[in-house]
Amino acid sequence: MRISVNTVADSETFPSAVDVIVIGGGIIGTSVSYELAKQGVSVALFEKGVIGGEQSGRNWGWVRQQNRDLYELPMAMRSLQRWEALSGEIGLDLGFSRQGITYGTLSEADVARWDAWGKQAKQIGFVSHLLTCKETRERIGDQAQWVGGVWSPTDARAEPSMAAPAIATGAKNLGASVHQNCAVRGLDITGGRVTGVWTERGLVKANRVICCGGAWSSRFCMQYGVELPSANILGTAFKTTAAPEVIKGCISMGGLCIRRRQDGSYTVALSGRGQIDLAPQNIRYATKFYPMYRSKIAKKLKVRINGSFFNGPEAAGSWSNQGLSPFEKIRVLDPAGDPAIVQEAMQMLVQFYPELSGIKVDHAWGGWIDTTPDLVPVIDEMDNVPGLFIASGFSGHGFGIGPGAGLLCAQMVNNQPLFTDAEPYSLARFAKGNAIREPQMM
């Protein structure tokens, strides 16, 4: 792979039946598995590739509350609490550290948006701080004429290479059954209700199944008449060589996003830059994405057509539970990054921080981000397939809010009181005839 993630040992015994099955070993799947195992539920986690091998190991490593959609903010706030506690509970390092997140801008309109958002967020219980021009320069440097900024001191960072593997190990230590390179081909349904899954190693019984398949979720659900509007966006990021510490925590400025890593290097990306590969799935849901396409969020996305039209997470076609599935044909989505984005970001990095002159790209990578039309995830039980739950469509926010989402999903599956209202995450909001919100602050 173009990235490396910590290894997780599989469970020695393959289960024949459990209470709950989780499909997908990213940050969402591992978090919900951990929370269920902590509650004493017997749970099996199946990953077609390796734990954290796709987007959960390829993201920026930001653990953020600032500038979330207000629907997501309560989950982001609870997630920070879970991040804080997890290392102690599991006994493993997730690379988590609260060092704050700072945004700087050249636009008065951004400052006005941050001010308006901050007033609403304060009513929910989250506090951030608007920065003057002078305060912004002091915090992120004086290589641009910043008009202002915003700082969220309680926000954090974590290491994508460490987090999902650590949480999966924590779940396993609590009794969860974890199996990699073992794809779930499909559901076992009896009398219209989920009764298990068919894996490439055979049938495993369960009366509740949670699909946390990220970029693959929509294609999996389509087999059962579940319409999950999703478009996968290819993002690019890169790791630098080790360099002097010019920032702490995470910074976004002029579209350039930087995180200081534990090893003294930086993770670097350009906000809003990416690529969409035309494929049957995103064409099918194109009208639902119209509000996003017309927003400024989508203005820097490239659109292309290539071989993924016929093969991959957004291709068409069905398969049987006894035959080779698309999930076995592509164990890990491992795309290359966009060299033009890498070059542009590196030039901006040195422009903003001349003291980093001589820094180099250690390696770059791409990652497919499963995205919903309003950029808010789906966490819901499917009415037409009782026993099937979906936790997907996190739109690039899954890493930061993953532990909170895992807790919410575990409460939902166990029919427990929910720590926040789950209505904003219902799949029904995308039903025919319903107006789709234009994406909010993200």
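User: So buried means under 20% relative accessible area, exposed over 50%, and partly exposed in between, with a 1.4 Å probe and protein chains only. How many residues of S15 are buried?

Analyst: Five of the five, so S15 is largely enclosed by the rest of the structure. This is a predicted model, so local features need pLDDT of at least 70 and side-chain atom pairs count only at pLDDT 80 or more, while totals for chains, interfaces and linings use all residues. Residues are numbered from 1 along each chain as its sequence is written, and side-chain values use heavy atoms, leaving out hydrogens and water.

User: Where does S15 run, and which residues point to which side?

Analyst: S15 covers 256-260. Leu 256, Ile 258 and Arg 260 are on one side, Cys 257 and Arg 259 are on the other, and both faces are covered. Strands here are DSSP E runs of at least two residues, helices are H or I runs of at least four, and both are numbered from the N terminus.

User: Which strands are joined to S15?

Analyst: S14 (residues 250-253) runs antiparallel to S15, with four bridges, and S16 (residues 266-270) is also antiparallel to it, with five bridges. Two strands pair if DSSP finds at least two bridges between them. Met 253 stands opposite Leu 256, and Cys 257 has Ala 269 of S16 as its bridge partner.

User: What sits in the turns of those hairpins?

Analyst: Two residues separate S14 and S15, and Gly 254 there has a positive phi near 60°. Between S15 and S16 there are five residues, with Gly 264 in the turn at a positive phi of about 90°.

User: Switching to H5. Is it enclosed or open?

Analyst: Largely enclosed, because 11 of its 14 residues are buried. Among them are Pro 160, Met 162, Ile 167 and Gly 170. The cover includes H1, H2, strand S8 (177-179), S15 and H11. After H5 comes Gly 175, with a positive phi near 110°.

User: What about the largest nonpolar core, which residues touch the most other members?

Analyst: Ile 27, Val 32, Leu 36, Val 63, Trp 83, Ile 210 and Ile 379, out of 49 residues. A nonpolar core is a set of buried Ala, Val, Leu, Ile, Met, Phe, Trp, Tyr and Cys residues joined through side-chain atoms within 4.5 Å. H11 gives the largest share, eight residues.

User: What does Ile 27 contact beyond its sequence neighbours?

Analyst: Leaving aside neighbours within four places, its contacts (heavy atoms within 4.5 Å) include Trp 83, Ala 163, Ile 167 and Phe 399.

User: How many aromatic pairs turn up?

Analyst: The search of the whole structure gives 13. Rings of Phe, Tyr and Trp (its six-membered ring) pair if their centres lie within 6.5 Å; planes under 30 degrees apart are stacked, over 60 edge-to-face, and the rest tilted. Trp 216 and Phe 327 have centres 5.7 Å apart and planes at 80°, so that pair is edge-to-face. Trp 216 is buried at 3% relative accessible area, and Phe 327 at 5%.

User: Which residues form the cluster linked by ring pairs?

Analyst: Trp 216, Phe 220, Tyr 224, Trp 319 and Phe 327.

User: And which rings have an Arg over them?

Analyst: Arg 78 has its charged end over Phe 419, 4.9 Å from the ring centre, and Arg 139 lies over the face of Trp 151 at 3.9 Å. That needs NZ of Lys or CZ of Arg within 6 Å of the ring centre and within 35 degrees of the ring normal.
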